[in-house]
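Me: Hi! Could you walk me through this fold? I'd like to start with the core.

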Amino acid sequence: MNHVLTIQTKNQPVVLERLLQVTRYRGFEVAGMEMKPMADFSGLLVTLSIVSDKPISLLTNQLNKLYDIDYLDCVESELTQTQASSMRA
């Protein structure tokens with residue numbers, strides 16, 4: 001299943017490392033990542049595309065525990081299971 005996470009974080013040097021580490025530890029694969037500073041430079045806006053057969057709540061629950069995370073939103077991708085299967089073949 002594909003998911004897109006939109007994450008607003010504090011502007012800390014290690015925040016991306018923490019995000020990626022938790023994602024890897026929970027067994028999720030990062031299919032894409034975009035990061036840009038907020039307009040007022042108070043934080044970062046990170047968009048992660050995640051691929052896994054595991055429930056996404058296993059990851060989002062852990063990411064919400066990080067003190068650097070201000071906001072997290074998860075959207076299921078429009079990619080259907082048959083499209084995903086044909087991409088893997």
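Predicted model: local features only at pLDDT ≥ 70, side-chain atom pairs only at ≥ 80, totals over all residues.

**Core, sheet and helices**

Reply: Happy to! The largest nonpolar core has 16 residues, and those with the most contacts inside it are Leu5, Ile7, Leu19, Ile50, Leu59 and Leu63. A nonpolar core here is a set of buried Ala, Val, Leu, Ile, Met, Phe, Trp, Tyr and Cys residues joined through side-chain atoms within 4.5 Å. Buried means under 20% relative accessible area, exposed over 50%, and partly exposed in between, with a 1.4 Å probe and protein chains only.

Me: Which elements give two or more residues to this core?

Reply: They are strand 1 (2-10), helix 1 (15-25), strand 3 (43-51), helix 2 (57-65) and strand 4 (69-76). The largest share, four residues, comes from strand 3. Helices (H or I, at least four residues) and strands (E, at least two) are DSSP runs, numbered from the N terminus.

Me: Thanks! What is Ile50 in contact with?

Reply: Leaving aside neighbours within four places in sequence, Ile50 is in contact with Met1, Asn2, His3, Leu5, Thr23, Phe28, Glu29, Val30, Ile56 and Leu59. Contact means heavy atoms within 4.5 Å.

Me: On to the sheet: in what order do the strands come?

Reply: Four strands form an open sheet in the order 2-3-1-4, with antiparallel pairing. Strand 2 (29-37) and strand 4 are the edge strands, each pairing on one side only. Two strands pair if DSSP finds at least two bridges between them.

Me: How many bridges join strand 2 to strand 3?

Reply: Eight, and the two strands run antiparallel. Val30 stands opposite Ile50 in strand 3, and Pro37 stands opposite Leu44. Strand 2 and strand 3 form a hairpin with five residues between them, and Phe41 in the turn has a positive phi of about 60°.

Me: And strand 1 with strand 3?

Reply: Nine bridges join that antiparallel pair. There, the bridge partner of Thr9 is Leu44 in strand 3.

Me: How do helix 1 and helix 2 pack?

Reply: They pack at an angle of about 145°, with their axes 10 Å apart. Axes are lines fitted to C-alpha atoms, for helices over the stretch in contact, and angles run from 0 to 180 degrees between N-to-C directions. The contact is made by Leu19, Val22 and Thr23 of helix 1 and Leu59, Gln62 and Leu63 of helix 2.

Me: What does helix 2 lie across?

Reply: Helix 2 lies across strand 1, strand 3 and strand 4, and runs at about 165° to strand 4.

Me: Last one: is Tyr67 buried or exposed?

Reply: Tyr67 is exposed, with a relative accessible area of 59%. Tyr67 is in the loop between helix 2 and strand 4. Not counting residues up to four places away in sequence, Tyr67 touches Lys10 and Arg18. Tyr67 and Lys10 are 57 residues apart in sequence and 8.7 Å apart in space, C-alpha to C-alpha.

Definitions and conventions
Residues numbered from 1 in each chain as written. Heavy atoms only, no water.
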